[in-house]
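Student: Could you take a close look at the surroundings of the ligand in this model and lead me through them step by step?

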Amino acid sequence: MTLLPKNLQESLERRLHALNKLRPLPHSAVQKLREHFKIEMTYNSNAIEGNSLTLKETFLVINEGITVKGKPLKDHLEAKDHHAALEYLYELVEYKKQQTLSEQLVRTLHQLITRETEEEWAGRYRESNVFIGGADHTPPDAIDVPLQMKKLIDWFQKNQKKLPIVELAALFHHRLVFIHPFLDGNGRTARLAMNLILMKAGYPLVVVLKNDRKKYYRVLSEADKENPKSFVQFVARAVERSLDIYLKTLTPISSKERERFLPLFQIAEKSPYSAKYLNLLIRQGKLEAHKEGRIWFTSQEALKRYQDGRQRKRE
Ligand SMILES: Nc1ncnc2c1ncn2[C@@H]1O[C@H](COP(=O)(O)OP(=O)(O)OP(=O)(O)O)[C@@H](O)[C@H]1O
Ligand SMILES: [Mg+2]
């Protein structure tokens, strides 16, 4: 039993398949995409946690080594650390394919993102209790963390061949932040670990957008109450978004298979539906779409697939 609706699962498979068909991917275009995603994820992942750098400032701090006046030193260091952690992730995926997720690896990721800002606790489990700001869930007592982490890795190993990758990655993320093994930096570490699982399976880097923070917290708290479905879907949407960006960039213009993604209202104009109705279909997971900023993008082909699906159901 999978937690993903069939159409979302199919949409991910179709996109991953389309990406794999383009392999070997053109080196320089992939390099550019990676640079873009590294900055985008560094900005978003740190901003979710309250880092004050903007996307552009993050770019400048990483690529030009500049210091932004009036912004805390800590925010600069966190950006650099996070960017370095992503480079490590890419290396792992490329050169150490066999290396599987372990407690040590999770701790290494934590150590990398807190290297410059945390002297004592970088890469070390907490020894005191913590709360998660803005959440009802109270993580387990510090004394239970080592056992819970061991159980988490056991769970992962048992399920890594059984569950669809996106589901496995999302559930791992939730379980890790549920334990909250570190004093700080749990969210960032979990988003990295989730990406490691996805990237090993050929998915591009996936970004939890700062704009989606509210929803991210809401679906995590549902998952705390043993209802992880919305969180898995939330992650699946993020995966879909990254795949779309890769496909959009890497598919040769001439390719007939290329789908043209347009803002929702433009698709609605040429369809029998209102933008409001299409928006509802998207939220119900019935119409494939992705978000850029605050705007939904979908395609004529996606709408056609929805209509064909309905037709089939009627028959
Ligand atoms: N209800 C919840 N249950 C479990 N985990 C949650 C819940 N709400 C939020 N979280 C996680 O807790 C993280 C915050 O914890 P922490 O401050 O240790 O991490 P961080 O990396 O410093 O911050 P952030 O994740 O906000 O960037 C959130 O990013 C999110 O992943
Ligand atoms: Mg924090």
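**The surroundings of ligand 1**

Tutor: Histidine 180 places a polar side-chain atom 3.2 Å from an oxygen atom of ligand 1, which falls under the definition of a polar contact, a pair of N or O atoms within 3.5 Å. Before we go on, note that this is a predicted model, in which local features need pLDDT of at least 70 and side-chain atom pairs count only at pLDDT 80 or more, while totals for chains, interfaces and linings use all residues. Residues are numbered from 1 along each chain as its sequence is written, chains are lettered from A and ligands numbered from 1 in the order in which they are written, and side-chain values use heavy atoms, with hydrogens and water left out.

The backbone takes part as well: glycine 185 has a backbone N or O atom 2.9 Å from an oxygen atom of ligand 1, and for glycine 187 the distance from such a backbone atom to a ligand oxygen is 2.9 Å. On its own, ligand 1 has 590 Å² of accessible area, of which the protein covers 94% (Shrake-Rupley method, 1.4 Å probe).

Two or more residues of the shell come from each of α2 (27-48), α7 (165-179), α8 (186-200) and α9 (213-224), these helices being DSSP runs (H or I) of at least four residues, numbered from the N terminus. Among them, α9 gives the most, with 5 residues. Of the 19 residues around ligand 1, those that come nearest are Glu49, Asp184, Asn186, Arg191 and Asp224, where being near asks for a heavy atom within 4 Å.

Technical notes. Polar contact = N/O pair within 3.5 Å; in protein donor to acceptor, adjacent residues only side chain to side chain.
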